[in-house]
Amino acid sequence: MLISRSLSAAEYNSTHEAMLARTLQRIAVKKEQGIRTPDELWIVDHNDVYTLGQASKKEHILQHTTTPIIQTDRGGQVTWHGHGQLVIYWLFDLHSLGWSVRHLVSHAEQAIEDVLNDCLKTTQSNADVNTNAISAHARRDAPGVYLYSNAGTDTDTDTDTDTDTDEDNTIMLGKIASLGFKIKHGFSYHGIALNINCDLAAFNAINPCGYAGMQMLRIADFISITDSIDEAVANGANRNSNESDKSLSYEQVTQKLIDNIAQRHAGLIELRAIGTK
């Protein structure tokens, strides 16, 4: 069983405290009573905050602003959360699911890949962006999801973390989603952050996830994101219901991702082989 909870304009510390308390409660119930409690997805709209993972290095904070900087217990380096970014916390009992930590990470990355690639191929693109030539992929060397563009021709450039071209002639455009989990007695918490229509300027004050010069991306720069579901539906109707030429709202992208995660949780979507990106 998987239940969801939505939090708007959420302060980071209180949300983290509640998430940790819920996880400790679930651990105690399972240990003391042998009862499996329902797994949970927390869908969160955070107020602006920079968070530091357990291994974070302070030098990755390039500029101090009025935005709070909070040390937390997840994995990973420094990142930003704020309005227009979708954060989903995965409160899962991994042992009951039969998932390893690697399974958790791969399911998270592949769920984001699925939704982004579907949106890029079926939704109205912005300006002159050819979204048919863009695809979302995870990387073996750096957790998260990145957008790649088909280069079309062989290029001869050095490969680095930030602007690499790999053997299948695709060029990495940048990072669009981050993830960081904490596992306690087989229970996961923390989760994923997907940039939908947020202000990316907040990332200028840090080395995102510890990578200097990492270009951060958002969905709204590639496909048409509307302010509401009603507007997205109206736009689709005005285009004679052409499925390849419609807009999406923040809420619709959110629901697509929740649905994909729920299917994975139910065992209806299996993991793919990890790519070479």
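The buried residues of helix α1 are Y12, T15, H16, M19, T23, R26, I27 and V29; buried means under 20% relative accessible area, exposed over 50%, and partly exposed in between, with a 1.4 Å probe and protein chains only. These residues cover an arc of only 165° around the axis, so they lie on the same side of α1. The arc is taken from the directions that lead from the helix axis to the C-beta atoms. On the other side of α1, E17, E32 and Q33 are exposed.

The model is predicted: local features need pLDDT of at least 70, side-chain atom pairs count only at pLDDT 80 or more, and totals for chains, interfaces and linings use all residues. Residues are numbered from 1 along each chain as its sequence is written, and side-chain values use heavy atoms, with hydrogens and water left out.

Helix α1 spans residues 12-33 and has 22 residues. From first C-alpha to last it reaches 31 Å, close to the 32 Å expected at 1.5 Å a residue. That expected span is 1.5 Å times one less than the number of residues. Just after α1, G34 takes a positive phi of about 70°.

The protein comes to five helices and 12 strands. Helices (H or I, at least four residues) and strands (E, at least two) are DSSP runs, numbered from the N terminus. Of the 277 residues in the protein, 51% are buried.

An open sheet of seven strands has the order β1-β2-β6-β10-β9-β8-β7, with mixed pairing. Two strands pair if DSSP finds at least two bridges between them. β1 (2-10) and β7 (134-138) stand at the edges with a single partner strand each, so one side of each has no neighbour in the sheet. The twist averages 20° from one strand to the next. Five bridges join β7 to β8 (residues 145-150), and the two run antiparallel. H137 has Y146 in β8 as its bridge partner.

Helix α5 (residues 250-265) packs on the sheet and touches β1, β2, β6 and β10. Contact means heavy atoms within 4.5 Å. The direction of α5 makes about 20° with that of β6. Axes are lines fitted to C-alpha atoms, for helices over the stretch in contact, and angles run from 0 to 180 degrees between N-to-C directions.

A second open sheet has three strands in the order β4-β3-β5, again with mixed pairing. Its edge strands are β4 (69-71) and β5 (78-81), and each pairs on one side only. Four bridges join β3 (residues 49-52) to β5, and these strands run antiparallel. L52 stands opposite V78 in β5.
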